[in-house]
Structure formats: C-alpha cells, structure tokens
Amino acid sequence: MESWLKESGAIGLNDLEIADFQVTGRGVRSLQYFKEGETVLTIPSGILWKVEHAYADPLLGPALRSVQPPLTVEDTLATYILFVRSRKSGYNGLRSHVTALPTSYSSSIFFTENELKVCAGTSLYIVTQQLKQQIEEDYAGLVARIFGQHRDLFPLDKFTIEDYKWALSTVWSRGMDFVLPDGNSIRLMAPFADMLNHSPEVKQCHLYDASSGNLSVLAGKDYKVGDQVFINYGPLPNNRLLRLYGFVLSSNPNDSYDLVLSTQPTAPFWEQKQKLWILAGLDSTCTISLTLTDPLPKNVLRYLRIQRLDESDLSVIQVDATDGIINASNEVEVLQFLGDSLCHLLENFGNQLEILEEQLAASVHPPGGNAWAAAHVSLGEQRVLRSARKRAEDLLAAAESGRGRRGDLPSLARCANCDNVSGPLMLCGRCKAVSYCTRTCQVAHHKEHKVVCRVKGIASKNGSEMG
C-alpha cells in the first residue's frame, strides 16, 4: 500500500510506519521528531474514498446512477469498498488498502446476546438492537435495488449481509467527516491515515482542503522518534465509541445518556403545547444528551414544564415563561415526574453500578473484551443518570420548601443558568436579583440576562421593586 500511496503523491510516509502497540494494537509510529502543528501526512484527493469517486468509476458509476432515490453516503461507500474487494483485476492501489483493513471489527453490532446484555438498560443496548434490524432491512433493499439488478458487478456470494456489515463498520470506524465552506458536508476515507488511533490527549488535527480535495494530518502534540501518532475523533462518549469504533475509554469524561422525551398527539392540549415546544426550540419528541458536566440540561426542564401544563396554565402562559419556573405546583409535578422516571431508568439496567465495579475489579469480564467494553458503557451511563437524579432531587427539595412563598422558588436560592441549588451561590454584581454557582454559568447566562439585569439594576438604584 505504501508504494502505491507514494507513487500517487502522498507526502510524509517516509517519516511514519505502521506498527503494533501494546494497548491500542496496530497504529502509526513516528520515525522523526514532530512539533505540534507540523504537517505529518498528506493524502491527495485522487486516492481518497469519496462518493464522487464511486460515481466517477466507469464500472460502478452507471450502476449507482441507476438507483433512484440515490443510495445514502454510507451505503455508497460500503458498496464501493465491497466492489473493489470483489474485483479480480484492476484497482490494484485501492485493493492494497482494502487488504490492509481489519478482517473483523468489535463494534456492538457484532456482540453476542450475552455480551450485549452486560449493558442492558443503556441507550447503546437499545440502539444496537434497532441498528441490527435496520441493517437487515437496508441490506434487503440493496439486494432489490442494485445488487440483484447487476449480478455481474455484485456477485451475491461476495456481497452477503456479513460482507455488508463489515463494509459498514469500515466506513463507521475509518470515515472522516468535514463541513465544507458552502455549508455542505463530506465523508471520506483516507488510506494510511485511517490507521491512526484516537487519543483524547491530542488536539483535533485532521484537515480537509476543499480547494485541492487533499486530506492532511497535523501533529496534535509534540512527538519523539518511536512515539505513536494519534488523531482525535472528538469528545465522544463510550456508547458512541463502542458502537462506531469498537473500543471504550476507562472513566471517559465525555460519557453521556441520550434521554428521549416524547408526547403523543393524542395527549390533552397537544397542539397548544407543540407550539410552545417549537417556540422554545424543541419538539414533541426530543433526544437530549445528559452528561457528567451537565447531567440535567435546561432543555429537559423546559420540555417537561410545557408537557405538564394544565388548562389554566395554558390560558395565561407566556412563551418565554417556560424558560424558568412557571409556578410551584407545576415545578413540583415536573421534578417528581423527572425523579421517578430517572429512578425507573436506573432500575432497568441489567447490572447495577456497584455490581459492575466489583465484576471489573475481579476481572469477571476479561479486560479488553466485548463484555468488558459493554460494562464500561453501562458504568458511564449509570453515573450520568445518578448525577441527573441527584440534581432533580435537590431541585425538588428546594421547590417544595419554597411553596407558598412569593415567587415560588426565590431566584437567589438557585443558579439562574443551571438551576443548581447546592453549594455557595454568588449574586449578580449589577442587579443583585439572580445568583450563579460559578463564573462559567454567569458568562453562559449573560446574553439572556443582560436586558433584565439593566432594568432591575436601574430600579434597584431608584429604590423601587420590580415584580
């Protein structure tokens, strides 16, 4: 593969080599010193795996163009990879890359049922089950729409559903996505560059030049001779890393839980509430990521406050009122429902957090194996949900203690940005009417608060009271 890449104009290969590493397995080793920001590798446009190259191929292109509506980007690239792999002659360069690809992957769609059950209750468990079904349906569609229509190009013994799953996993784990200057996006695969492993300790360092079409990798940190060279896939949680790339990170700080909030159109006052959701930047069905740093995002409370509105509330509610507490009874109902729902989600995990920690400490699940990875996904999601439950419980206690007081829950008793009620709070220095738990929250809330702050600040100076 390297000879073909050099002949095709790739730059930097003399300073790198593919090698095996103890923890990550196969990766790329540096053969010289690199300073952070230096260009390490450039792969020219002509040898990248792109949708446009698949359509330009004299054999594959006409078959792809015969399919209407067109195949998805993922299916086009997967078909392109399988097509090249199936050819007995020609395509020597691309086939050398395919030969260098892994023969199997460890993403969650390849887990046995017992391995996947280790993370039962997680969003990964649900998504993987849905994904397996979707892959079967998509494969049947490909057979009907293109594979079966051009059997000379796509012999079905080389385009089985297992081949399709392998090709999809190749695209998921090795594809790179970029936003172009015109706002469109592109997904591509870059030979050799796709051998670089992920590390959260380096800066994101792979670049696509829209004018030349070339892919470049920069040094995400300083490298010495013999160091493994990394790229950064971004701040991804373990549930996504395992689903797409087939690995997890222990104690991943980016772990999250995707909370799905949904209300059926048959629910009372659905049309009125739908208008409020849309005006709040939401919808009747929303997926909101809970994270370790923000376990209970404001949009969760915004959504539920609208969902729990009754007829009397809807007759007087103002659109922007859903950005904060509406009234004491609504807030208590929202937080009780949220706390109960989070408890129910946690109870549905097949293995509770403490049990998983004991199993991992005792090496019940062999380190690095599929069950071990699934356990880490479950640990991360449970930690996020427990943090969210604790935040909901704190808010509920504050809301219940504030019942009957003017203003329901005093704005000074909670952070105006994240609703945190625990720990020391600091007043807004200008209006003295709201509090924040951190400087970060104050800065994040500034755009929303600045107009009100100015008015309240003037009123305070004049000795008057603002409602």
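I started with helix α4 (residues 73-86) and helix α5 (residues 92-100), whose axes lie 9 Å apart at an angle of about 105°. Axes here are lines fitted to C-alpha atoms, for helices over the stretch in contact, and angles run from 0 to 180 degrees between N-to-C directions. That angle makes α4 roughly perpendicular to α5. For the wording, under 35 degrees counts as roughly parallel, over 145 as roughly antiparallel, 65 to 115 as roughly perpendicular and the rest as oblique. Helices (H or I, at least four residues) and strands (E, at least two) are DSSP runs, numbered from the N terminus.

Some ground rules I jotted down: this is a predicted model, where local features need pLDDT of at least 70 and side-chain atom pairs count only at pLDDT 80 or more, while totals for chains, interfaces and linings use all residues. Residues are numbered from 1 along each chain as its sequence is written, and side-chain values use heavy atoms, with hydrogens and water left out.

Next I checked who touches whom, with contact meaning heavy atoms within 4.5 Å. From α4 I found Y80, I81, V84 and R85, which meet L94, R95 and V98 in α5. By class, that contact has five nonpolar, no polar and two charged residues. The classes go like this: Ala, Val, Leu, Ile, Met, Phe, Trp, Tyr, Cys and Pro are nonpolar, Asp, Glu, Lys and Arg are charged, and the others, Gly among them, are polar.

I then followed α4 to α8, where the axes come within 9 Å and cross at roughly 115°. This crossing is right-handed; that's the label if the near helix is turned clockwise from the far one by less than a right angle, and left-handed if anticlockwise. On the α4 side, the contact includes E74, D75 and L77, and on the α8 side, W166 and W172 are among the residues. I noted ten nonpolar, one polar and four charged residues in the contact of α4 with α8.

A cis peptide bond joins Q68 and P69, with omega about -5°.

I found F269 in the loop between β10 (256-262) and α10 (270-279).

Which way do α13 and α15 run relative to each other? Helix α13 (residues 328-347) and helix α15 (residues 370-401) pack at about 155°, axes 9 Å apart, so they are roughly antiparallel. The crossing of α13 past α15 is left-handed.

Last stop: the second largest pocket, with about 960 Å³ of space. T24, N197, Y245, G246 and F247 are the closest to its centre, out of 33 lining residues. α15 turned up again, giving the most to the lining with three residues. By class I wrote down 15 nonpolar, 13 polar and five charged residues for this lining. A pocket, on a 1 Å grid over the protein atoms alone, is an open set of points where a 1.4 Å probe fits, with protein on both sides within 12 Å along at least five of seven lines; lining residues have an atom within 4 Å of a point. The volume is the space filled by probe spheres set on the points.
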